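This report covers selected local features of one protein chain.

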Amino acid sequence: MEKFGKSQPVTRIEDQRFLTGQGRYVDDLVPGDALVAMFFRSPVAHGEILDLDLGASREMPGVHLVLTLDDLEAAGVKVGLSGSTMANRDGSQGAAPERPMLARDHVRFVGEAVAMVVAETADQARDAIEAMGMDIRDLPVITDVGPGGPAIHAEAPENRAFDWGLGDEAATEATFASAVHVVGLQVDDNRVITNSMEPRGCYAEMVEGRLHFAYGGQGVWGMKAQLIEKLGIASEDLRVTTPDVGGGFGMKAMPYPEYFTVAHAARVLNRPVRWMSDRTEAMLSDNHGRDLTSLAELAFDADLRITAYRVRTRCNLGAYNSHFGQAIQTQLFSRVLTGVYDIQTAWLQVEGYYTNTTQVDAYRGAGRPEAIYVLERVMDRAARELGVTPWEIRRRNFIRPEAFPYKTATGETYDVGDFDRLLRLAEAEAQDFSVRREANAASGLLRGIGVCYYIESILGDPSEGAEIAFNEDDTVDLMVGTQSNGQGHETVYARFLADQTGLPMDRIRVVQGDSDRIAQGGGTGGSRSVTVQTNATLATVDTMVAAFTPYLADKMGVEESAVKFDDETFRAPGSNLTPSLLEAAAMARADGRNDLLRHAARAKLPGRSYPNGAHLAEIVIDPETGHAHVDRYRVWDDFGNLINPLLAEGQVHGGVAQGIGQALCEHVVHDDEGQLLTASFMDYALPRASEVPIIGFTSVPVPSTANPMGMKGCGEAGTVGALAAIANAVQDAIWDRGVRQADMPFTPLRLWELLNAEPVAAE
């Protein structure tokens, strides 16, 4: 038995219920007598509310409650949602406008919640919404990203949320001035909508004087803390649960206005209240992603080693500040737009100066798809302009294996890595590319190849807890502080515990998403879950073994120091007693030792892990129509040691598919009045099966030293690498046609227009 898992592919145990329609999602668990909540939302992007007529709605059949912001404030609710602020480069604080749970006097994006109706049925709630009247004075709508124009928030002059910077600007400018080569590229990163299979939803009910709030999210503890703060509920009077969740992708990590108003309504009415968004409502009100424009520049010496880089980014944060904000890496993930670009001119000034060959990784180490995309695009441009291969330009600027651990200028410490090893595997795969390109050219098609080398930083709380409880029916509950959103946690965690303890996997039940059963947890996000949770599980196993050892020593008639646990059974020289953990628990129960039936521990990782790898994409474009399809896709990933290679590969496949979607077809479009034109799947294009090729995956592990399992997270790796790999492949395909600037999404129309525009002379 290997100490930290057998790294064997195990199919997902939860799929049995998911694929047979037995999943238990939010809407499957709503109490039968629940009332229905619906929201009256702003039809315009920016306006002053002159009058709100709700009288007729309140009198309509089946209506139990109509809530406005005034009603919430009268009840003592703290109506301002928590929002992040950033310090500006001059030391002042960035803008901090209020985002109310329901609109206060003004609306600032199409779809902003103005009032909530609670009725017996959905039809009655919908009728009440339609009976509402709102008189709005239209105000200027800002749809461009840049300074100037009417201020949407008084707290944000020129609609700028913050002006943030990192690095030594003066030294950077001096290094650029003396550089042998300077290469720059403006890169647009298109806005996308996070379309989880299950839209956002929640319900709330009063149970024996306590509020129970259930929602589809990425962790119950952050939501519980927010409900306590905003509604003034004592911790012991509140239970938050999360059942099965049909996808999150970061979008479901934040608290939204609907959650607080539904919870408040359940308390006021003493009846269960449910809300579930439909797809268009979700597209209007969910947090969007991306939407930034960056000018990235690299300075090179005579040996083509990067001596400095600078990135200036305008990031569209949308109507209000993000709930989260830890620095550029998370702020780049954008904020809710849903109709109006108001606090959108967030100038993220990132400038750094470094004197070795690895400086680009200081920024790439952020691990966000946005950062990787920008740097890998300009890296590829540098290779073309400086006359070297894309392999060589990266190789010259890699950190050498012997240089680890390596501390970057931004404070990241990479523990291990062998980047060139993975890159050479990708380069070998590309050796016969020219044969395929020539074959396509004979048919009038354009073929391009693109590479991306990414390094990702696993973010989030490095601490996590676990608890193991033995039940009378010989099952074992493993209570975890993370929250599955479809990644297969039940399988991974149960298998890991089975490998470390010998407990039968089919006897292990993974318990998650219940603040009554699990006191603390960090939820899911930033690819943290498996790494931090298995670390906590190991600590709990150690605690459990230590607790059983003196008890079993007495049973065996030996000294405590003689008892050893071999990951399956307890043994001691001179004793024939070799109980498994299940047998030891049964003995303890028979002896009334209930203290041995439950064990808990928390553990903190000493450092982050840094998954990295090479993505290689080949794309074929029909210049007559502009249609592009990804013909070949291969990935070589260093995820460290893998618990379950099958699930890791599945995560990569899903991430690459997401990247293909943004690269080829996904794009949020608003008109000049801030109306969302891509508010349904009729207009917002997701990738189809025919657009996703067979994705090759090879694990090339360099075990991490930052955790005892040697693991590195993998949840976001597919998307992190896919955007740049595909974009670089497109640029390669159309370079000889004189096209020097191409940005996502590479739709047929956009590519056709690029190929038929007036060509730029080749350099």
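## Cavities

In the predicted model, the lining of the second largest cavity divides by class into 2 nonpolar, 5 polar and 4 charged residues. The residues that line this cavity are Glu14, Arg17, Phe18, Asp244, Val245, Ser484, Asn485, Gly486, Gly488, Glu490 and Gln512. The space inside the second largest cavity amounts to about 70 Å³.

The largest cavity has a volume of about 80 Å³. Its lining consists of 13 residues, and Arg99, Phe109, Glu112, Ala113 and Pro257 are the ones nearest the centre of the cavity. By class, 7 residues in the lining of the largest cavity are nonpolar, 2 are polar and 4 are charged. Over the whole structure, the search finds 6 cavities of 30 Å³ or more.

## Packing of α15 and α16

Helix α15 spans residues 489-501 and helix α16 spans residues 529-556; their axes come within 10 Å and cross at roughly 35 degrees. The crossing of α15 and α16 is right-handed.

On the α15 side, the contact is made by His489, Val492, Tyr493, Phe496, Leu497, Gln500 and Thr501. These residues meet Ser529, Val530, Gln533, Thr534, Thr537, Leu538, Val541 and Met544 of α16. By class, the contact of α15 with α16 has 8 nonpolar and 7 polar residues, and no charged ones.

## Aromatic pairs

A search of the whole structure finds 16 aromatic pairs. One of them is formed by Phe398 and Phe419, an edge-to-face pair with 5.5 Å from centre to centre and 65 degrees between the planes. This pair links distant parts of the chain, with the two residues 21 residues apart. Phe398 is in the loop between α12 (390-395) and β18 (406-407), whereas Phe419 belongs to helix α13 (residues 419-429).

## Backbone geometry

Most residues other than glycine have a negative phi, and most peptide bonds are trans.

Pro745 is located in the loop between α19 (717-735) and α20 (748-756).

Asn159 is a residue other than glycine with a positive phi, near 60 degrees. The loop that holds Asn159 runs between β6 (133-138) and β7 (163-166).

Key. Residues numbered from 1 in each chain as written. Predicted model: local features only at pLDDT ≥ 70, side-chain atom pairs only at ≥ 80, totals over all residues. Heavy atoms only, no water. Axes fitted to C-alpha atoms, helices over the stretch in contact; angles between N-to-C directions. Helix = DSSP H or I, 4+ residues; strand = E, 2+ residues; numbered from the N terminus. Left-handed = near helix turned anticlockwise from the far one by under 90°. Contact = heavy atoms within 4.5 Å. Nonpolar A, V, L, I, M, F, W, Y, C, P; charged D, E, K, R; others polar. 1 Å grid on protein atoms, 1.4 Å probe; cavity = no way out; pocket = protein on both sides within 12 Å on 5 of 7 lines; lining within 4 Å. Points joined across faces, edges and corners; volume = space filled by probe spheres on them. Phe/Tyr/Trp six-rings, centres within 6.5 Å; stacked < 30°, edge-to-face > 60°.
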